[in-house]
Amino acid sequence: MKFPLLFLAFAIIQIGCSRGVYLGPESAEFLATASQEDCGYLQNEFGQRVSWKENLPVEFWISKSIPEEFRQDIVTAAETWNLSAGKPVFKINLSDLDVVLSTSDQKNTIHGLQEWDEGKSTQQAVTIVKYRGNLITGADIKINLTDFVYYSKEPQNSKQIHFGSLLVHELGHAIGLKHATIKPTVMWATLGFDVIRVSLSKTDQQSLGCEY
Amino acid sequence: MKKIFLPISIFILVAAVVLLYQHRTVRGPSSVIMDNDGVIQLPDSDVYSNESKKQIKRFVLRTLDWNMKTSQNDAPQFSIRYENIKIHANNSITDFCTLYPTILLILEAPNVSYSGEHPEIMAYGTCQNQNTIAKIDFVFDMSNIRLSNWDDESPDKWRVKHFIFSETTKTQSRNINITQYEIFSVLGYSIEFPLTLKKQ
């Protein structure tokens, strides 16, 4: 009776110890199982796609720093993603135009900035996405109003950027998408003066379907 | 009672043997070992083969000793210190700094992206021999940050993305990258540093 019990205890300790010395392999196993195809998304350190998961719709507050003539373009850009997903991915809130720009609070905001980093004068906008694990916890979009002039319907000259196209792109970042390297896509890294890009391509729709 | 314990004991014994076998198969005995004098012995006696270099780097990554300090001008600094590491091949002994005189360290902010890209900091370190210690200091400043248009709430947590060991021997133009995955698979966890950077 004593022998089997002692043997059992020894075996349990043996198994425990043999697992205990692992550092790398356990993580490697986890890495191997956790890693996903990027599908156009940001990935965390374990290769998992980063997104809002089930926490939809993502509500964005528009700041008064966004010129009034462009606010409806943001609503339209959000609707483009919603229609493609077949469910409300974004909700645009225009009820608090005094919303403060802060990347550490829980409010997702869209701001227009009259001051922009001199070294980044070719950048039209930036979307800051914060996440924990594979879950996005906050997103803020900053539009460069310093170095670029935008238009909503008709350009006044050949040096204006289509605001709606820019917002479709930035909202793509807000749901976790990276820049795409194969055209056509709304997530192409650059948006030229003469380009209107407001419809999601097949690639964009497939990316959207991977997470939403 | 014996009838129950015997099969259970046999099962556990078999499971333990299988797990131990798997453990050895997965880990495998490293061909890079460190003797009492801290000399890395390479059985194949070729420090310039890719496999040997990879093993040297893995060994170094596993044993590196990080120190963080702040310089007088508030620029954050890291130093890596390797004690008494020499590469022993055939009859010659090459010290670490001779083999890898410079190392490029790239840190990234893990939990934030700017339009799909992580903020990154790059810093070169020059290996310096101090008696038996190979020391590499990395100094970071804002000019090395690839994405810099953040607001005052800048990332305060960074992790190692790449170590790039630069060689001056034989293949001066060809650097060998140790990727993030390789670092993780060796260390089993991400190396994260608290860093507070001030916007200029």
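From the N terminus on, the elements of chain A follow the order α-α-β-α-β-β-β-β-β-β-α-α, amounting to five helices and seven strands, where helices (H or I, at least four residues) and strands (E, at least two) are DSSP runs numbered from the N terminus. The model is a predicted one, in which local features need pLDDT of at least 70 and side-chain atom pairs count only at pLDDT 80 or more, whereas totals for chains, interfaces and linings use all residues. Residues are numbered from 1 along each chain as its sequence is written, and chains are lettered from A and ligands numbered from 1 in the order in which they are written.

In chain A, 37% of the 212 residues are buried, a residue being buried if 20 or more other C-beta atoms lie within 10 Å of its own, exposed if 12 or fewer, and partly exposed in between, with C-beta atoms placed from the backbone. Of the contacts in chain A with a separation of 6 or more, 66% are made by residues 24 or more positions apart, a contact requiring C-beta atoms, placed from the backbone, to lie within 7 Å. Chain B, with four helices and 13 strands, has 24% of its 200 residues buried, and the corresponding share of contacts between residues 24 or more positions apart is 64%.

Strand β4(A), residues 125-132, is mostly covered, with six of its eight residues buried. It runs antiparallel to β5(A), residues 135-144, to which eight bridges join it; two strands are taken to pair if DSSP finds at least two bridges between them. Within this pairing T127(A) has I141(A) as its bridge partner, and the two strands form a hairpin with two residues between them, G133(A) in the turn having a positive phi of about 65°. β4(A) also pairs with a strand of chain B, namely β8(B), residues 112-114, in the antiparallel sense over three bridges, where V129(A) stands opposite S113(B).

How values were computed:
Two residues are in contact if their C-beta atoms, placed from the backbone, lie within 7 Å.
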